[in-house]
Amino acid sequence: MNNPLNKKIAIYYPCFLGGGAEAVALWMMEALKDKYDLTLITFADLDWQRLNLMYGTTLNAQSIKVDSLLPKSFYRVNNALASNNKHFRQLSIHLSLRHCKQKQQDYDLVISAYNAADLGRPGMQYIHWIKVLEGGELAQKYYNRISNFSVDNLKKNFSLANSGAVAAAIKDYYGIDAKVVYPPVVIEPANIAWQDKENAFICSGRLVEAKQPHRVIQCLEKVRQKGIDIKLYITGGGGGNAEAKYKRYLDQLIRDNSDWVQLLENLSYEEYSQVLYRCKYGIHFKPEPFGISIAEMVKAGIIPFTREGGGPAEIIGQENTDLFFNNLEEAVEKIAHVMQNEDKQYQLLSSLEKQKVLFSTDKFMEDINNVVTDYLQGNL
């Protein structure tokens with residue numbers, strides 16, 4: 001292996017269940033694989049081919065060693081259990097973290113790509129949101145004992161955050177500073193003229209109640225009632241047994257509106273990108289610490305409407321107030337205003353253009369390499 005610095009780094013990421021945090025972990029490994037002797041510490045060995053297809057990475061067993069508690073034959077079973085049972089998920093997190101702490105002396109640096117973690121000794125942590133591994137009262141009473149988890153120890157790590165909003169929450173909750181490194185956004189800008197796109201919205205993310213795709217349908221139905229002809233593409237997947245009741249409700253809602261709403265589940269990243277490119281607008285109802293799907297919309301040349309505050313405001317730009325809403329009624333009014341005003345559309349597109357450079361895999365890899373180099377050289 002090309003390893004000029006002769007340094008050994010371990011990345012801790014317990015379960016690969018989809019989402020923006022998973023993209024960060026994989027692209028972190030992509031950034032470091034050619035420069036360091038790299039090991040992934042996880043709960044069950046994983047399917048590189050599947051993950052590369054989903055996220056655009058080029059990882060394999062030759063570039064990344066895997067130190068897992070369970071063999072690859074348990075990968076699908078483990079993911080199904082972790083997706084559907086929060087107790088099994090917490091168990092797998094803390095069993096793999098205990099294993100990580102037992103091995104930490106073998107590495108020059110241990111990095112948690114899965115939020116703030118007690119790594120056994122000071123290391124680095126990429127935080128997507130606060131109080132994830134240490135959990136609530138039940139976790140602190142039972143699961144944290146498995147890994148001998150200490151909040152005081154995690155405060156000794158060098159911290160990265162996925163947005164300024166999360167960095168502020170980290171400072172408020174843990175009392176520590178965090179450097180903002182925006183997550184990687186794989187999609188490339190497309191040269192498609194605005195007038196050649198569909199008068200359609202995209203709503204992307206996991207099909208779970210917390211993401212509120214049903215509210216998106218309700219909102220855009222009210223926009224249609226104003227005489228504005230639009231389509232909606234809902235993309236995503238996941239949810240598992242825990243969200244089965246909600247998924248049945250959502251499926252019925254989509255069937256009731258099938259003349260203008262289409263559900264596209266479990267697309268490959270290439271297929272998902274093609275849907276993004278052909279839509280003029282996007283919408284995301286859940287408040288997010290970052291919101292990688294919103295960054296994908298911006299990169300794809302979409303005008304996205306999102307909840308006010310948090311990471312989405314950093315993605316879209318604080319000045320683009322026409323795109324932020326606090327409730328369904330405000331969303332309806334703002335969407336109708338923009339869609340009925342062509343000059344406003346081009347003004348927003350121009351403003352969003354400068355936001356695109358903030359989010360790319362190249363930018364993320366450069367930032368990660370710089371911060372790891374500085375850490376190993378004792379400059380942080």
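1. Let's start inside. The largest cavity is lined by C203, S204, G205, R206, L207, K211, P213, I234, T235 and H284. Two elements, β8 and β9, each give two or more residues to that lining. Keep in mind as you look around that this is a predicted model.

2. How much space does the largest cavity hold? Its volume is about 50 Å³. Searching the whole structure turns up one cavity of 30 Å³ or more. As for the idea behind such a search, rolling a probe the size of a water molecule over the atoms shows where empty space is left.

3. What kinds of residue line the largest cavity? Sorted by class, there are four nonpolar, four polar and two charged residues. You can pick out members of the lining on screen, including R206, K211 and H284.

4. β8 covers residues 198–204 and β9 covers residues 231–236, and five bridges pair them in the parallel sense. Which residue of β9 does S204 face? S204 sits opposite T235. Six strands make it up, in the order β10-β9-β8-β11-β12-β13, with parallel pairing.

5. Follow it in the order β3-β2-β1-β4-β5-β6-β7, and you'll see that the pairing is parallel. The edges here belong to β3 (65–70) and β7 (179–180); each has a single partner strand, so one side of each has no neighbour in the sheet.

6. β1 (residues 8–12) runs parallel to β2 (residues 37–44), and five bridges join the two. Which residue in β2 is the bridge partner of Y12? That partner is I41.

7. On to helices. Two packed helices are described by the angle between their axes and the distance between the axes. Take α8 (residues 213–224) and α9 (residues 244–256): their axes come within 10 Å and cross at roughly 20°. Angles under 35 degrees count as roughly parallel, and that makes α8 roughly parallel to α9. The crossing of α8 past α9 is left-handed.

8. α8 has another packing partner to look at, helix α13 (residues 328–339). Here the angle is about 50° and the axes are 9 Å apart, which makes α8 oblique to α13. Is this crossing left-handed or right-handed? α8 and α13 cross in the right-handed way.

9. One further helix pair deserves a glance. α3 (residues 75–84) packs against α4 (residues 86–103) at an angle of about 120°, with 5 Å between the axes. That angle makes α3 oblique to α4. Their crossing is left-handed.

10. Finally, have a look at the second largest pocket, which holds about 180 Å³ of space. It is lined by 15 residues, and those closest to its centre are W194, G301, L349, E353 and K356. Which helix gives the most to this lining? Helix α14 (residues 342–353) does, with five residues. By class, the lining of the second largest pocket divides into nine nonpolar, three polar and three charged residues.

Note on methods:
Residues are numbered from 1 along each chain as its sequence is written. This is a predicted model: local features need pLDDT of at least 70, side-chain atom pairs count only at pLDDT 80 or more; totals for chains, interfaces and linings use all residues. Side-chain values use heavy atoms; hydrogens and water are left out. Two strands pair if DSSP finds at least two bridges between them. Helices (H or I, at least four residues) and strands (E, at least two) are DSSP runs, numbered from the N terminus. On a 1 Å grid over the protein atoms alone, a cavity is a set of points where a 1.4 Å probe fits but cannot get out, and a pocket is an open set with protein on both sides within 12 Å along at least five of seven lines; lining residues have an atom within 4 Å of a point. Grid points are joined across faces, edges and corners, and a volume is the space filled by probe spheres set on the points. Ala, Val, Leu, Ile, Met, Phe, Trp, Tyr, Cys and Pro count as nonpolar, Asp, Glu, Lys and Arg as charged, and the others, Gly among them, as polar. Axes are lines fitted to C-alpha atoms, for helices over the stretch in contact, and angles run from 0 to 180 degrees between N-to-C directions. Angles under 35 degrees count as roughly parallel, over 145 as roughly antiparallel, 65 to 115 as roughly perpendicular and the rest as oblique. A crossing is left-handed if the near helix is turned anticlockwise from the far one by less than a right angle, and right-handed if clockwise.
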